[in-house]
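Welcome! Take a moment to look over the sequence and the 3D view, and then we can walk through the structure together.

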Amino acid sequence: MRSVAESCGTVCDETEVSIGIRAAAVDRKKGFVLNGEPIWIQGANRHQQFPYIGNAASDNAQFRDALKLKEAGFNFVRLAHYPQSPAFLDACDRVGLLVVEPVPGWQFCNEGQFKEVALQNIRDMIRRDRNHPCVAFWEVSLNETGDTAETNWLNWRGATDEFFRECHLTAKAEHPGCLTSGDTLGRKNPQYVGFDIPHPICDGFDITKEFMPDKLFFTREYGDFDFGGNYSTTRQVRGNGEKAMRLSAWNFQHSLNKIRASGDSMGAAIWVGVDYNRGYYPCVPLCTSGVFDTFRLPKYSREFFASQISLQKGNPVIFIASYWSEREI
């Protein structure tokens, strides 16, 4: 886009916008279909956080994250749980990483102005990033925000089926033909809500089979919380040694096997791609279930996922998960 001064005909302002053209769909038999080709979504969640500088990262740092995740065997990133730097989306466009972009929100919903802001956030998110071909679908539910009698004490009042359906329809009005996704957590009638791609709870998939048999699900988080919650055995720092890192890799493999064996999944994303600082649980200030630590150094689980993509390409690899240290008892 360019603005031209009428008096002299010279360019006074210019902006370049890159776009991409691609077709994305979900087929009950074929799975996720990109440009007519079915692909399995092998994803990772990403918090936009870097050591010492937090979110204040350079464009090059954003690009390196995308490249490292791609080389680790992932073809998909979930931007947990908010729109992230345009530089990261630019990088995903270039290296070939698909993305689900979520509306900001986490375990909270209220009536009135809060809902109005949430709906406007959906519009703003789509308007900013709709030209990125990497964005495969839009997550328009407030993350982990249900609507049941048991969860109302968590300030989830107002997270009704009617409101989440409005979130779905708001995205469709803003970007006709787009794919929406969202949590089935606490939904009384998921069919009515209408998400194109439902998210079950962690690595469970009963909600889809029971209420949405005509749709495939996307497991937005797996491999971490089911193995001990905030003290998950998947959460291992590199300094814990090879036995600990092998356990973390085994957890991911176990969960992935269950998901792929279900027959109802189009893909899944691990929690999490890169270790990060966390705020809601002060007793455990770091989440260390990443395949990379916070300095982007790889753990053994990184090699497991790299081996999966290598198998798909017909190039099996062998990684010896050991530092050749003395045997641990």
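Strand S4 (residues 31-34) pairs with S5 in the antiparallel sense, over three bridges. Strands here are DSSP runs of E with at least two residues, numbered from the N terminus, and two of them pair if DSSP finds at least two bridges between them. Across this pairing, Phe32 stands opposite Ile39 in S5.

S4 and S5 belong to an open sheet of three strands, in the order S3-S4-S5, with antiparallel pairing. Which strands are at the edges? They are strand S3 (24-27) and strand S5 (37-39), each of which pairs on one side only. From one strand to the next, the twist averages 35°, an angle between N-to-C directions of lines fitted to C-alpha atoms, on a scale from 0 to 180 degrees.

## About the model

This is a predicted model, in which local features need pLDDT of at least 70 and side-chain atom pairs count only at pLDDT 80 or more, while totals for chains, interfaces and linings use all residues. Residues are numbered from 1 along each chain as its sequence is written, and side-chain values use heavy atoms, leaving out hydrogens and water.

## The protein as a whole

The protein has eight helices and 15 strands; a helix is a DSSP run of H or I with at least four residues. Of its 329 residues, 50% are buried, meaning under 20% relative accessible area with a 1.4 Å probe, protein chains only.

## Nonpolar cores

In soluble globular proteins, nonpolar side chains tend to be buried together. A nonpolar core is a set of buried Ala, Val, Leu, Ile, Met, Phe, Trp, Tyr and Cys residues joined through side-chain atoms within 4.5 Å. The largest one has 47 residues, and Phe74, Ile122, Phe163, Ile270 and Phe305 touch the most other members. Apart from it lies another core, of 13 residues, including Phe32, Ile41, Phe76 and Leu98.

## Pocket and cavity

The second largest pocket is lined by 16 residues, and Arg22, Arg130, His132, Val135 and His175 lie nearest its centre. Strand S9 (residues 135-139) gives the most to this lining, with four residues.

The largest cavity is lined by Asp183, Thr184, Arg187, Pro190, Val193, Phe195, Pro198 and Met212. On a 1 Å grid over the protein atoms alone, a cavity is a set of points where a 1.4 Å probe fits but cannot get out, a pocket is an open set with protein on both sides within 12 Å along at least five of seven lines, and lining residues have an atom within 4 Å of a point.
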